[in-house]
Amino acid sequence: MRPHEVQPPRPMEHLISQYGALGVFLGAAVEGQSAVVAGGLLARQHLMSLWIALACATSGSGLADQMLFIAGRRFRDTAWVARTTARPAFAKALGFIERYPNTYVLAFRFVYGLRLVSPLAIGVSRMPAWRFAGLNLLAAALWAAVFTGLGYAFGEAVEAMLGSQAARRGAMIAAVALVLLVLVGALVRMAMRRAGPRQAG
């Protein structure tokens with residue numbers, strides 16, 4: 001290749017540049033921390049902008065929890081929300097919300113087992129929607145910064161141990177696996193939700 005010629009992007013790098021951000025966004029919404037850590041790893045390997053990784057993690061997490069809050073607020077009297085509120089984790093979450101409402105919104109993403117039920121519980125509670133929206137955005141940004149930062153630091157450690165080329169290949173493989181995992185997980189959850197009413201009937 002001549003010095004002035006631009007090398008075309010490799011197929012793997014092109015795939016990641018196209019779908020890596022989508023994987024982080026969907027992963028933050030439906031899967032959790034590992035997708036956000038992977039986004040930081042991709043940013044460390046220059047396969048994704050760090051700011052894009054942070055934005056996708058923040059928006060994915062924030063949007064998913066905002067929708068769950070709206071579901072809890074709007075459909076609190078439906079059978080689905082009633083079944084969810086009957087779970088022990090929901091009662092535990094509601095107790096914390098009543099005592100420490102603002103702190104709980106900022107902290108529940110970091111507590112294992114409370115991620116799904118917490119926005120629903122807050123929606124059922126008396127917290128104003130405008131307050132949850134502001135705290136939810138702040139909490140999502142903090143959560144994204146922590147776990148994207150961990151992925152970025154982890155990527156630096158991997159690069160130091162394996163070398164930049166090996167780490168880059170590993171990051172590309174991880175990114176493709178992340179996108180596939182998120183898509184398969186979303187399809188499985190959709191299938192389970194459709195199968196649930198049929199079995200109940």
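Reader: How many aromatic pairs are there in the whole structure?
Author: Four, from a search of the whole structure. Keep in mind that this is a predicted model.

Reader: Take phenylalanine 69 and phenylalanine 132. What's the geometry?
Author: The two rings are stacked. Their centres sit 4.3 Å apart, with 10° between the planes.

Reader: Why give both a distance and an angle?
Author: Because a pair of aromatic rings is described by the distance of the centres and the angle of the planes.

Reader: Which helices does that pair tie together?
Author: Phenylalanine 69 is in helix 3, residues 50–74. Phenylalanine 132 is in helix 8, residues 129–162. So the pair ties together parts that are 63 residues apart in sequence.

Reader: And are phenylalanine 69 and phenylalanine 132 buried or exposed?
Author: Both phenylalanine 69 and phenylalanine 132 are buried.

Reader: Next pair. Why does phenylalanine 110 with phenylalanine 147 count as stacked?
Author: The planes are at 25°, so the pair is stacked; the cut-off is under 30 degrees. The ring centres of phenylalanine 110 and phenylalanine 147 are 6.1 Å apart.

Reader: What parts does this one link?
Author: Phenylalanine 110 is in the loop between helix 6 and helix 7, and phenylalanine 147 is in helix 8. The pair therefore ties together parts that are 37 residues apart in sequence.

Reader: Phenylalanine 147: buried or exposed?
Author: Buried, because its relative accessibility is 14% and the limit is under 20%.

Reader: And why is phenylalanine 110 called partly exposed?
Author: Because its relative accessibility is 40%. Partly exposed lies between the buried limit of 20% and the exposed limit of 50%.

Reader: Which nonpolar surface patch has Phe110 in it?
Author: One of about 500 Å². Val111, Leu138, Leu142, Val146 and Leu150 make it together with Phe110.

Reader: Staying in that loop, what about leucine 114?
Author: Leucine 114 is also placed between helix 6 and helix 7. At 7% relative accessibility, leucine 114 counts as buried.

Reader: How far is its C-alpha from that of lysine 92?
Author: 9.0 Å separates the C-alpha atoms of leucine 114 and lysine 92. Along the chain they are 22 residues apart.

Reader: Switching to threonine 148. Where is it?
Author: Threonine 148 is in helix 8.

Reader: Buried or exposed?
Author: Threonine 148 is buried, with a relative accessible area of 2%.

Reader: What does its side chain reach?
Author: The backbone oxygen of alanine 144, at 2.7 Å.

Reader: What does threonine 148 contact beyond four places in sequence?
Author: Val36, Gly40, Leu50, Ala53, Leu54 and Ala57.

Reader: Zooming out, how many helices and strands?
Author: Nine helices and zero strands. From the N terminus on, the elements run α-α-α-α-α-α-α-α-α.

Reader: How much of the chain is buried?
Author: Buried residues are 36% of the 201 in the protein chain.

Reader: What share of contacts joins residues 24 or more positions apart?
Author: 83%, counting contacts with a separation of 6 or more.

How values were computed
Residues numbered from 1 in each chain as written. Predicted model: local features only at pLDDT ≥ 70, side-chain atom pairs only at ≥ 80, totals over all residues. Heavy atoms only, no water. Patch = residues over 30% accessible without salt bridge, like charges linked within 9 Å, V, L, I, M, F, W, Y side chains within 5 Å. Areas by Shrake-Rupley, 256 points an atom, 1.4 Å probe, with all protein chains shown as cover. Salt bridge = Lys/Arg side-chain N within 4 Å of Asp/Glu carboxyl O. Phe/Tyr/Trp six-rings, centres within 6.5 Å; stacked < 30°, edge-to-face > 60°. Helix = DSSP H or I, 4+ residues; strand = E, 2+ residues; numbered from the N terminus. Buried < 20%, exposed > 50% of the residue type's maximum accessible area, 1.4 Å probe, protein only. Contact = heavy atoms within 4.5 Å. Polar contact = N/O pair within 3.5 Å; in protein donor to acceptor, adjacent residues only side chain to side chain.
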